[in-house]
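Subject: Structure for you to look at

Hello,

I am passing on the structure we spoke about, together with some notes on what was found in it. Please keep it open while you read, and look up each residue as it is named.

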Amino acid sequence: MAGTGKFFVGGNWKCNGTKDSIKKLVSDLNSATFEPDVDIVVAPPFVYLDLVKNTLTDRIEVSAQNSWVGKGGAFTGEISVEQLKDIGVQWVILGHSERRHIIGEKDEFIGKKAAYALSEGLKVIACIGELLEEREAGKTFDVCFQQLKAYADFVPSWDDIVIAYEPVWAIGTGKVASPEQAQEVHVALRDWLKKNVSAEVASKTRIIYGGSVNGGNSAELAKKEDIDGFLVGGASLKGPEFATIVNSVT
Ligand SMILES: O=C(COP(=O)(O)O)NO
């Protein structure tokens, strides 16, 4: 299983930051203290990965926010798994809703990206989540199971995967899912894994929640049995608040 901690908290910095702001964020993270049983990962924009990898405490691993579906080459604008490994990056976020609904990435393409990244030794934060209209139409489970199946159809193993359930209607909106809403989907995802992969994978795979998590709501969410941590966007750009969220999960 990826990492050794029972819990996992990721910080998705998205397309944010400058050299100066990121140096300050790294300094704040280097000064923070963290509970021992939480694996921590931050995902800077590509152009700052090397800077962050070379200045951030080893207590925190570094992730890309995307990677190419195969070996590098004539794919203008893409970043290969080999290049990420070359600079010591250990993780990659794949299937984020912004890449599905803004960039247009499809389930199968995302599943194949995850398979390639894992086969080349990167660990994967595998994102899934429904749109508001899909939830309002009662399709939350159908959509999440379909996205989860697309990973299951291709990945060679579940050992180095963390699943991130991020309802699209909660991302960046301030409308965080209630602990009950999140727990209901996490339980359904774990049950899907048990039925379609194995009881062991269902038990060992960490399922984390993302969508307007902050220092004020993380502790309540973390009390739910099947919420194993968070994938944090906006609040991860503030070092002290991100540390509060990390320390709220245990
Ligand atoms: O997209 C998200 C969540 O973003 P926010 O915390 O800003 O809602 N994580 O990957």
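The notes below take the ligand and its surroundings, and then the salt bridges.

Please bear in mind that this is a predicted model, and that the distances and areas given here are computed from it.

If you look for the ligand, you will find it in the second largest pocket, where the residues around it are N12, K14, H96, E166, A170, I171, G172, G211, S212, L231, G233 and G234. Sorted by class, this shell is made up of 7 polar, 3 nonpolar and 2 charged residues.

In the side chain of N12, an N or O atom is 3.0 Å from an oxygen atom of the ligand, while for H96 a polar side-chain atom lies 2.7 Å from a ligand oxygen. With G172 it is a backbone N or O atom that lies 2.7 Å from an oxygen atom of the ligand. As for how covered the ligand is, it would expose 310 Å² if taken alone, and the protein buries 94% of that area.

Turning to charged pairs, side chains of opposite charge can pair when their charged atoms come close. The structure holds 18 salt bridges, and one of them joins E61 to K123, with the closest N and O atoms 3.1 Å apart. Because E61 lies in strand β3 (residues 60–64) and K123 in strand β5 (residues 123–128), this pair ties together parts that are 62 residues apart in sequence.

Best wishes

Note on methods
Residues are numbered from 1 along each chain as its sequence is written. This is a predicted model: local features need pLDDT of at least 70, side-chain atom pairs count only at pLDDT 80 or more; totals for chains, interfaces and linings use all residues. Side-chain values use heavy atoms; hydrogens and water are left out. A residue is near a molecule or strand if one of its heavy atoms lies within 4 Å of it. A polar contact is a pair of N or O atoms within 3.5 Å; within protein, one must be able to donate a hydrogen and the other to accept it, and residues adjacent in sequence count only if both atoms are side-chain atoms. Accessible areas come from the Shrake-Rupley method with a 1.4 Å probe; for residues, only the protein chains shown count as cover. On a 1 Å grid over the protein atoms alone, a cavity is a set of points where a 1.4 Å probe fits but cannot get out, and a pocket is an open set with protein on both sides within 12 Å along at least five of seven lines; lining residues have an atom within 4 Å of a point. A molecule sits in a cavity or pocket if more than half of its atoms lie within 2 Å of its grid points. Ala, Val, Leu, Ile, Met, Phe, Trp, Tyr, Cys and Pro count as nonpolar, Asp, Glu, Lys and Arg as charged, and the others, Gly among them, as polar. A salt bridge is a side-chain nitrogen of Lys or Arg within 4 Å of a carboxyl oxygen of Asp or Glu. Helices (H or I, at least four residues) and strands (E, at least two) are DSSP runs, numbered from the N terminus.
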